[in-house]
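Below are some notes for a colleague who is meeting this structure without any background. Please read them with the model open beside the text.

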Amino acid sequence: MSKSFKKITSQKPSVYGISYLSLIPLYAIFFWLMPDQNLKLNGHEPGFISSLYFSLITITTLGYGDITPIGPVSQLVTASESILGIILIGLFLNSLSHQHGLEVQEFEKKKQLEKEEKLAKDRFTAFNQIVDAKIDRYFTYIIPVTTPISNRKSPTINENFSFSDMRDLFKATLRLTDHHFTPAIEYYFKSLNDLTNSLEDLVKYGYAQHWPALENLCLEFIYSSKNLDFSDFILNQPKTMLGDKTGSEFDAEMIKNHEGELQFLSSNTKNAYVALYIQIRSGIDFEKKYRQLAAQIKNC
């Protein structure tokens, strides 16, 4: 019963309006088909027009009194039209008010959503400046790690670098701002760590929560970077002696002389550098996708 009542009282205003107007000709037909003695016309011409007129003033409860119902049947029919008219007008006004309330609520919700989106965009844009700087610094140190020292004239990354191109990763970066005795790989790992920390903050503090694609991209890069992290082993190689050579000298020669397919091998020191190679490749791919998504957010 409650479901039926709710269904009846939750229609659109147009439904009640059409129902209200439909009752006028419908009751007019009833009055027209009644025997003449059921309605006192008081000078009105018998016929459908008079019945239509009476139906109109009845449903609107004007009650001029120039046409009056006589007898219980006509009186009940007249009363039912008046009651239905009042009910439908009430339902119409209630539905109209409810619809207006929903429109206002929807407008306010949309306005609040736009406000939240603007705030989220402003927060992301501000924090993204930090991330951009970290990416730039990270890429600054990809160059000396993936470029032999004799070819470091160009400040751009060789995206098609080979595994053997990493042979001088233990040598200096040749940047004036960097320490000459600090290997390029050490600067690389520090810049990567700074970048992943910034990306973790980007996700942790909700700067990217409105953009799942960007958030997932950052999480994938963080996971991949940590999963492929052999920094402790690689950075310790200059201090490790293998006969008359340091571990870093031995590894640099191994990288230089590498031929064939790259793959992880059981208990092989090369695995650390294979992971590094994959990590850098992943970083280059990440930078392109990240900056594309960030640009879309700024321009939306």
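**Notes on the aromatic rings and the overall fold**

1. Tyr277 counts as buried, at 16% relative accessibility, where buried means under 20% relative accessible area, exposed over 50% and partly exposed in between, with a 1.4 Å probe and protein chains only. Phe163, at 4% relative accessibility, also counts as buried.

2. This is a predicted model, in which local features need pLDDT of at least 70 and side-chain atom pairs count only at pLDDT 80 or more, while totals for chains, interfaces and linings use all residues. Residues are numbered from 1 along each chain as its sequence is written, and side-chain values use heavy atoms, with hydrogens and water left out.

3. A search of the whole structure finds 16 aromatic pairs, a pair being two rings of Phe, Tyr or Trp (its six-membered ring) with centres within 6.5 Å, called stacked if the planes are under 30 degrees apart, edge-to-face if over 60 and tilted for the rest. One of them joins Phe163 and Tyr277 edge-to-face, at 6.2 Å centre to centre and with 70° between the planes. Phe163 lies in the loop between α4 (72-146) and α5 (184-204) and Tyr277 in helix α9 (residues 270-299), so this pair ties together parts that are 114 residues apart in sequence.

4. The rings of Tyr188 and Phe189 have centres 5.3 Å apart and planes at 65°, so this pair is edge-to-face; both residues are buried. Tyr188 and Phe189 also belong to a cluster, linked by ring pairs, that includes Tyr138, Phe139, Phe221, Phe286 and Tyr290.

5. Arg281 lies over the face of Phe161, at 4.5 Å from the ring centre; the criterion is that NZ of Lys or CZ of Arg is within 6 Å of the ring centre and within 35 degrees of the ring normal.

6. The chain has nine helices and four strands, taken as DSSP runs (H or I, at least four residues, for helices; E, at least two, for strands) and numbered from the N terminus. From that end, the elements run α-α-β-α-β-α-α-α-α-β-β-α-α.

7. As for overall dimensions, the chain has a radius of gyration of 41 Å, whereas a compact globule of 300 residues would have one near 19 Å, by a rule of 2.2 Å times the number of residues to the power 0.38, with the radius taken over C-alpha atoms. The C-alpha atoms fill a box of roughly 130 × 40 × 30 Å along the principal axes, and buried residues make up 38% of the 300 residues.
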